Amino acid sequence: MPELSQSPVMPRSEVQVKGRWRQLSLLGGTMLVDSTEASLVSSLFPLIRQSLGVSLGALGILTAAGKIAGAFTGPLWVWVAERWSRKSVLVVATGLWGVWGVAAGFSQNFTQLLVLYTILAAGYAAAHPIITELIGDLFGGSTRGRAIGVVYGAVSLVSAVIGPLKGQLAGVEEGWRWGLWGVGTFNILLGIAIWLWFRDPGRGASEEQLADLDRATRNAHSKLTWTKALSLLEIRSLVVLLVSRLLSGHLLVGTFGVVYLVDVYGFSTQKASIVLLPFGVGYFLGTLLGGFAADWATRRSPRHGLVTVLQAAQFAFALFAYFGTQFDYGSIALFGVFFALMGAAQGVNPSVNRPMVMAITPPELRGAAFAIYVSVFEAIAWASFSLGAGFLGDAIGLRTVFLWALVILMLVNGMFLTLLHRSYADDVARVQRELHARREQALDATT
């Protein structure tokens with residue numbers, strides 16, 4: 001009979017899921033293409049605005065429509081994945097779904113682009129909750145920060161290289177169409193790669209208490225119900241993290257960063273797009289730093305370490321955003337430096353908050369938790385910021401909008417996260433006790 005854990009709250013040694021880094025590379029590729037497709041419209045919006053004859057508010061409508069669609073379809077995809085399979089959903093929703101991106105490239109007016117882009121976003125909403133849930137099953141608690149950091153960092157680094165290249169499409173007639181066609185086609189090919197080579201490890205495969213149990217036993221608790229999903233809102237730390245998403249003004253820089261430099265400081269689209277490279281490199285370094293900081297902080301102070309790192313990232317972003325957006329340096333190079341610093345501060349977040357969500361939820365509820373966290377609350381925040389920036393930018397100017405969203409609101413966010421110091425460690429201990437109880441129950445049933 002397998003040996004029981006010595007403590008109901010302290011995990012045993014790290015579980016090594018076979019081929020986990022190879023599987024992670026496939027998941028990272030999927031996130032990369034989805035991220036590239038999503039950012040293409042915002043980075044090339046000055047061209048779309050000229051081609052289709054729309055105002056700045058149209059960018060807010062496009063982004064908000066996609067995020068609102070994802071808020072409804074993200075949880076739906078998680079539900080489908082639980083009843084069908086996570087691999088199949090990834091193949092269809094984040095791979096073959098790229099056909100809608102190809103179709104969007106043929107849009108002849110803003111209405112067509114809005115409809116097709118919204119359909120595209122509805123499928124891509126499956127990526128983050130399901131992929132993040134899978135990472136939690138591939139990697140144990142002591143390496144999740146690094147794994148998240150590597151995948152988000154790699155996505156950001158490649159996106160940083162692609163970013164200026166996308167900007168060069170400004171020199172091609174109807175270049176935004178070629179971008180949508182190219183990324184959509186590549187996404188279809190990646191969906192085929194997921195179908196051929198990805199292997200789902202199963203829920204709970206990396207949990208120390210469950211890893212040596214057979215897959216059927218681990219899946220005994222995996223059925224997702226409305227009661228279980230709603231029980232997530234009883235987790236105090238998750239509620240704090242959800243509200244924090246609504247205060248995450250830094251989401252705006254990815255959507256409006258290039259347009260901001262074009263409209264406020266008069267750079268061309270091609271030159272403004274250059275800042276995407278240092279921003280992406282900074283984000284990459286931030287995710288790696290955040291991953292190691294998360295794992296180190298967890299070992300150093302299980303109760304306060306992760307929370308402190310997360311708070312520091314919010315305060316640092318606010319500082320860098322103030323100096324990086326509120327002053328005209330006249331040089332794209334100087335703006336690039338501050339965008340790199342903003343990227344680094346923002347990059348710390350997924351390496352910390354994703355492992356936190358994994359730690360406070362049992363394996364079968366992580367997909368639902370990330371659907372609520374990313375597909376719903378982050379989508380609501382992104383849609384609100386995008387719509388607000390689009391229309392308020394036309395009314396009062398983007399500089400004022402950026403001051404409130406990227407600086408003041410981020411300071412509020414950092415202070416609000418103080419609430420986690422009281423609840424996070426208790427919520428982690430609760431999950432560990434639950435997993436230990438499941439292990440004892442499973443072993444008792446076999447004796």
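Student: Where does His421 lie?
Tutor: His421 lies in helix 20, which covers residues 420-445. Helices (H or I, at least four residues) and strands (E, at least two) are DSSP runs, numbered from the N terminus. Residues are numbered from 1 along each chain as its sequence is written, and side-chain values use heavy atoms, leaving out hydrogens and water. Please note that this is a predicted model: local features need pLDDT of at least 70, side-chain atom pairs count only at pLDDT 80 or more, and totals for chains, interfaces and linings use all residues.

Student: OK, and which residues does His421 touch?
Tutor: Not counting residues up to four places away in sequence, His421 touches Arg303, His304, Val307, Thr308 and Gln311. Contact here means heavy atoms within 4.5 Å.

Student: How many helices and strands are in the chain?
Tutor: The protein chain has 20 helices and zero strands. Among its contacts with a separation of 6 or more, 85% join residues 24 or more positions apart.

Student: How much of the chain counts as buried?
Tutor: Of its 447 residues, 59% count as buried. A residue is buried under 20% relative accessible area, exposed over 50%, and partly exposed in between, using a 1.4 Å probe and protein chains only.

Student: What about Gly343, buried or exposed?
Tutor: Gly343 has a relative accessible area of 0%, so it is buried. Gly343 belongs to helix 17. Apart from neighbours within four places in sequence, it is in contact with Phe279, Gly282 and Tyr283. The C-alpha atoms of Gly343 and Gly282 are 4.7 Å apart, although the two residues are 61 residues apart in sequence.

Student: And Gly123, which residues is that one in contact with?
Tutor: Leaving aside neighbours within four places in sequence, Gly123 is in contact with Trp77, Ala93, Thr94 and Trp97. Gly123 is found in helix 6, residues 110-124, and counts as buried because its relative accessibility is 0%.

Student: Switching topic: how many aromatic pairs are there?
Tutor: Rings of Phe, Tyr and Trp (its six-membered ring) pair if their centres lie within 6.5 Å; planes under 30 degrees apart count as stacked, over 60 as edge-to-face and the rest as tilted. By this rule there are 17 aromatic pairs. In one of them, Trp178 and Trp181 have ring centres 5.0 Å apart and planes at 80°, so that pair is edge-to-face. Both Trp178 and Trp181 lie in helix 9 (residues 175-197), three residues apart, which is about one turn of the helix. Trp178 counts as exposed because its relative accessibility is 55%.

Student: Why is the pair of Tyr329 and Phe338 called stacked?
Tutor: The ring centres of Tyr329 and Phe338 are 5.4 Å apart and their planes are at 15°, so the pair is stacked. Tyr329 is partly exposed, because its relative accessible area is 27%, whereas Phe338, at 18%, is buried. Both rings belong to a cluster linked by ring pairs, whose other members include Tyr260, Tyr265, Phe267 and Phe335.

Student: How many residues are in the largest nonpolar core?
Tutor: The largest nonpolar core has 118 residues, and those with the most contacts inside it are Ile135, Leu241, Leu252, Leu261, Met356 and Leu406. A nonpolar core is a set of buried Ala, Val, Leu, Ile, Met, Phe, Trp, Tyr and Cys residues joined through side-chain atoms within 4.5 Å. In soluble globular proteins, nonpolar side chains tend to be buried together. Not counting residues up to four places away in sequence, the residues that Leu261 touches include Phe267, Ile332 and Phe335.
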